[in-house]
Amino acid sequence: ALEMQYRGFESGKITCYPGYTLDAADIWPWASDFFMFAEWVFGIGFTLELLLKMVAQRRSFISDKWNLLDCLIVVAWIVQTISQADIGINPTLL
């Protein structure tokens, strides 16, 4: 919810909505770093939880649909993180 509020500040500035004259970074200068840090903490935490559940439950892990949903969420986070990473090459050359 906090990140959406932060983005709302920026949207209000871009659309020249009355009362939104400052950039979001000027209103909450700490927010961008905080959101990035929180995303990494939760992403790594959920990944570790998933790995521990896989080790503990072994074959019964797959039979629980909630575990499959957890897998989907963690894989989506990993794919997003990798796709946004600067790996030093131009992907259009591939």
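**Entry 1: end of helix 3**

I began where helix 3 stops: the next residue is Arg58, and its phi is positive, near 50°. By helix I mean a DSSP run of H or I with at least four residues, and by strand a run of E with at least two, numbered from the N terminus. I am working on a predicted model, where local features need pLDDT of at least 70, side-chain atom pairs count only at pLDDT 80 or more, and totals for chains, interfaces and linings use all residues. Residues are numbered from 1 along each chain as its sequence is written, and side-chain values use heavy atoms, with hydrogens and water left out.

**Entry 2: whole chain**

I listed the secondary structure next. The chain has four helices and zero strands, in the order α-α-α-α. Its radius of gyration is 19 Å, well over the 12 Å that the globule rule gives for 94 residues, so the chain is more spread out than a compact globule. The radius is taken over C-alpha atoms, and the rule is 2.2 Å times the number of residues to the power 0.38. I also took the extent of the C-alpha trace: about 55 × 40 × 20 Å along the principal axes.

Then I looked up burial. Buried residues are 18% of the 94 in the chain. Buried means under 20% relative accessible area, exposed over 50%, and partly exposed in between, with a 1.4 Å probe and protein chains only. I checked contacts too, meaning heavy atoms within 4.5 Å. Of those with a separation of 6 or more, 35% join residues 24 or more positions apart.

**Entry 3: helix 3**

I compared length with expectation. Helix 3 has 27 residues and reaches 38 Å from first C-alpha to last, close to the 39 Å expected at 1.5 Å a residue. The expected span is 1.5 Å times one less than the number of residues. Its buried residues are Ala31, Phe35, Ala38, Gly43, Thr47 and Leu50. Their cover includes helix 1 and helix 4 (65–84).

I picked out Thr47. Thr47 counts as buried because its relative accessible area is 17%. Beyond four places in sequence, Thr47 touches Val74 and Trp77.

**Entry 4: helix 1**

I ran the same length check here. Helix 1 (residues 2–14) has 13 residues and should span 18 Å at 1.5 Å a residue; its end C-alpha atoms are 19 Å apart, which agrees. Which residues of helix 1 are buried? I found Tyr6, Phe9 and Gly12. They sit on the same side of helix 1, because they cover an arc of only 120° around the axis. That arc is taken from the directions from the helix axis to the C-beta atoms. Met4 and Ile14, on the other side, are exposed. Helix 2 (24–27) and helix 3 (31–57) are included in what covers the buried set.

**Entry 5: Ala24**

I followed that cover to helix 2, where Ala24 lies. Ala24 counts as buried because its relative accessibility is 1%. Setting aside neighbours within four places, Ala24 contacts Tyr6, Phe9 and Glu10. I also checked Lys13: it is 11 residues from Ala24 in sequence, and the two C-alpha atoms are 8.1 Å apart.

**Entry 6: cysteines**

Cys16 follows helix 1, with a positive phi near 60°. Is Cys16 buried or exposed? It counts as exposed, because its relative accessibility is 64%. Cys71 is buried, with a relative accessible area of 18%. I then looked for disulfides, meaning pairs of cysteine sulfur atoms within 2.5 Å. The structure holds zero.
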